[in-house]
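Subject: Structure handover

Hello,

Here is the structure for you to look through. My notes on it follow below.

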Amino acid sequence: MKKVVNIILACSIVFFLSIAKGTASNLDEVICNAMKGMQAQEEKKIPYNIGNYEITRITVDCKKKALITEKKHIEYSLSDFADDFKINSMKNWKNANCKNMIFNTDTGWSTSQIIKDVNKNVVLKLEANFEICSK
């Protein structure tokens with residue numbers, strides 16, 4: 001989780017360095033370019049482990065204004081996840097990503113994380129965007 005947060009924070013730095021050059025009319029283009037740059041760097045390392053998970057995919061969809069990260073648990077099957085896993089994960093994801101100016105400002109951009117079990121079954125999909133972060 002910390003590695004993913006660091007990836008997103010790095011995106012923010014690139015974003016804010018780029019925004020000085022951009023204007024409001026091309027804000028989406030600036031964000032898209034920053035996200036695509038981060039994606040290109042991270043894809044070179046995929047797959048890689050973060051704790052008990054393996055990062056399997058990072059996608060930037062500029063039309064949907066979305067950054068999507070997929071990770072797979074190294075050992076757990078769907079039934080192995082704790083009952084409070086969903087609640088704790090949602091809280092941690094919101095706390096980590098809502099500090100990012102891209103997602104806590106009404107830019108229209110969102111970040112999602114898809115968590116899968118060892119058999120690639122979806123366990124949980126988390127999202128942070130302005131609507132979620134402004135609650």
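A residue counts as buried under 20% relative accessible area, as exposed over 50%, and as partly exposed in between, with a 1.4 Å probe and protein chains only. Lysine 45 is partly exposed by this rule, because its relative accessible area is 37%.

Before the rest, some notes on the source. This is a predicted model, in which local features need pLDDT of at least 70 and side-chain atom pairs count only at pLDDT 80 or more, while totals for chains, interfaces and linings use all residues. Residues are numbered from 1 along each chain as its sequence is written, and side-chain values use heavy atoms, with hydrogens and water left out.

Overall picture

The protein has five helices and five strands. These are DSSP runs numbered from the N terminus: helices are H or I with at least four residues, and strands are E with at least two. Along the sequence the order is α-α-β-β-β-α-α-β-β-α. Of the 135 residues in the protein, 41% are buried. The accessible surface of the protein is about 7800 Å², and carbon and sulfur atoms hold 52% of that; such areas come from the Shrake-Rupley method with a 1.4 Å probe, and for residues only the protein chains shown count as cover.

A contact means heavy atoms within 4.5 Å. Among contacts in the protein with a separation of 6 or more, 56% are between residues 24 or more positions apart.

Helix 2 covers residues 27–43, which is 17 residues. From its first C-alpha to its last, helix 2 reaches 24 Å, close to the 24 Å expected at 1.5 Å a residue; the expected span is 1.5 Å times one less than the number of residues. Buried residues in helix 2 include Val30, Ile31, Cys32 and Glu42.

Serine 89 belongs to helix 3 (residues 85–97). Its relative accessible area is 10%, so serine 89 is buried. Apart from neighbours within four places in sequence, serine 89 is in contact with Leu124 and Leu126.

Salt bridges

How many salt bridges does a search of the whole structure find? The search finds four, where a salt bridge is a side-chain nitrogen of Lys or Arg within 4 Å of a carboxyl oxygen of Asp or Glu.

One of them joins lysine 45 to glutamate 42, with the closest N and O atoms 3.1 Å apart. Glutamate 42 is buried, because its relative accessibility is 9%.

Another joins arginine 57 and glutamate 70 through their side chains, at 3.4 Å from N to O. This pair links distant parts of the chain: arginine 57 is in strand 2 (residues 53–61) and glutamate 70 is in strand 3 (residues 66–73), 13 residues apart. Arginine 57 is partly exposed at 44% relative accessible area, whereas glutamate 70 is buried at 10%.

Glutamate 70 also meets lysine 116 in a salt bridge, at 3.3 Å from N to O. Lysine 116 is in strand 4 (residues 110–116) and glutamate 70 in strand 3, so this pair ties together parts that are 46 residues apart in sequence.

Aromatic rings

Rings of Phe, Tyr and Trp (its six-membered ring) pair if their centres lie within 6.5 Å; planes under 30 degrees apart count as stacked, over 60 as edge-to-face and the rest as tilted. There are two aromatic pairs in the structure. Tyrosine 76 and phenylalanine 81 are edge-to-face, at 5.4 Å centre to centre and 90° between the planes. Phenylalanine 81 and phenylalanine 85 are tilted, at 4.7 Å centre to centre and 55° between the planes.

Tyrosine 76 is partly exposed, with a relative accessible area of 36%.

Charges over rings

A charge sits over a ring if NZ of Lys or CZ of Arg is within 6 Å of the ring centre and within 35 degrees of the ring normal. The charged end of lysine 71 sits over the ring of tyrosine 53, 4.0 Å from the centre. Lysine 45, from the salt bridge with glutamate 42, lies over the face of tyrosine 48, at 5.7 Å from the ring centre.

Regards
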